[in-house]
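Hello,

Here is the structure I promised to pass on. Please have a look at it first, and then read my notes below.

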Amino acid sequence: MVIDSLEQAARYMRLGRGIEQALAFFCAFQDDGRELPARTELDGEHIFINGANYTTQEKPLGELEAHRRYIDVMYVVEGEERFFYKPFEKVSKVTMPYDAEKECALGVIDPDAAQVRFSAGQFLIFFPEDGHLAAQLWDKPTRVRKFIAKVAVDTL
């Protein structure tokens, strides 16, 4: 897992072509304040970006998820949220083994899972071994606009 400021994106572009393309898209994005587009394809099903527009709310936490085919590269354009992180192999209970159709496995959020504030101007990278749950309330309900790039592992 990586979390950093978009100003530092260049140092992570060497991680692979797919990550480079996603970060370059984030760096070039010109924010006009409107809702982010639902989907932008950079390389078909290999690299695509989903826009998310919502207000964080108190709700059931959910479960940590982990992927195999895709790396998640996220960038917060506006707002902030909490995310939970724990290496998936260390999750105490897997509640759904990996399902290729859903492209994820699910596990409980253990008390020792890291909780991190994810704020406007930051990006993060979740690799397949990283159990994560994003889009959670931090202090108070907040409008969030963020991009979620799905980068196929084979683009590294």
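Helices (H or I, at least four residues) and strands (E, at least two) are DSSP runs, numbered from the N terminus.

Within α1, the buried residues are Gly18, Ile19, Ala22, Leu23 and Phe26. They lie on the same side of α1, because they cover an arc of only 125° around the axis; the arc is that of the directions from the helix axis to the C-beta atoms. Buried means under 20% relative accessible area, exposed over 50% and partly exposed in between (1.4 Å probe, protein chains only). Among the elements covering these buried residues are β2 (39-43), β5 (70-78) and β12 (143-152).

A word on the source: this is a predicted model, where local features need pLDDT of at least 70 and side-chain atom pairs count only at pLDDT 80 or more, while totals for chains, interfaces and linings use all residues. Residues are numbered from 1 along each chain as its sequence is written, and side-chain values use heavy atoms, leaving out hydrogens and water.

Next, His132 sits in strand β11 (residues 130-136). His132 counts as buried because its relative accessibility is 2%. Leaving aside neighbours within four places in sequence, His132 has contacts (heavy atoms within 4.5 Å) that include Glu63, Met74 and Phe126.

Glu58, in the loop between β3 (47-55) and β4 (64-66), counts as exposed, at 74% relative accessibility.

Best wishes
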